[in-house]
Amino acid sequence: MQFSTAFCQPCRATRRVLAEVSALVPGVSHVEIDAESRLDLVRELDIMRTPTVLVLDGGGAVVKRASGQPRKADVIAALGAFLSHDPDEK
């Protein structure tokens, strides 16, 4: 989940990176939210700047959070670590 604003240059680049990654990684979707139109979520999730990217698990819980423009390799690595984790492992 990407929080963006209309005037944010890094948000555009982040959108491209996340769209590419979601096309490469099965089961991953990219959802972009306009922070200005969803101030309720911005407050609830404590979004302080754009772009902010939240990785959510299947139940909607935030498992990873990052601000700023991500590198594609870092996004893939973060998703790989999360997707390879066995939820039954303790």
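Which residue in β4 stands opposite Val-55? To find out, keep in mind that this is a predicted model, in which local features need pLDDT of at least 70, side-chain atom pairs count only at pLDDT 80 or more, and totals for chains, interfaces and linings use all residues. Residues are numbered from 1 along each chain as its sequence is written, and side-chain values use heavy atoms, with hydrogens and water left out.

Select the sheet to begin: it is open, with four strands in the order β2-β1-β3-β4 and mixed pairing, where strands are DSSP runs of E with at least two residues, helices are runs of H or I with at least four, and both are numbered from the N terminus. Two strands pair if DSSP finds at least two bridges between them. At the edges are β2 (32-34) and β4, each of which pairs on one side only.

Next, select β3 and β4, which pair in the antiparallel sense over five bridges; here Lys-64 in β4 is the residue opposite Val-55.

Now turn to the largest pocket, which holds about 530 Å³ of space. A pocket is an open set of points on a 1 Å grid over the protein atoms alone, where a 1.4 Å probe fits, with protein on both sides within 12 Å along at least five of seven lines, and lining residues have an atom within 4 Å of a point; the volume is the space filled by probe spheres set on the points, which are joined across faces, edges and corners. Among its 26 lining residues, the closest to the centre are Met-1, Val-28, Leu-54, Val-55 and Leu-79. Finally, select α3 (72-83), from which comes the largest share of this lining, six residues.
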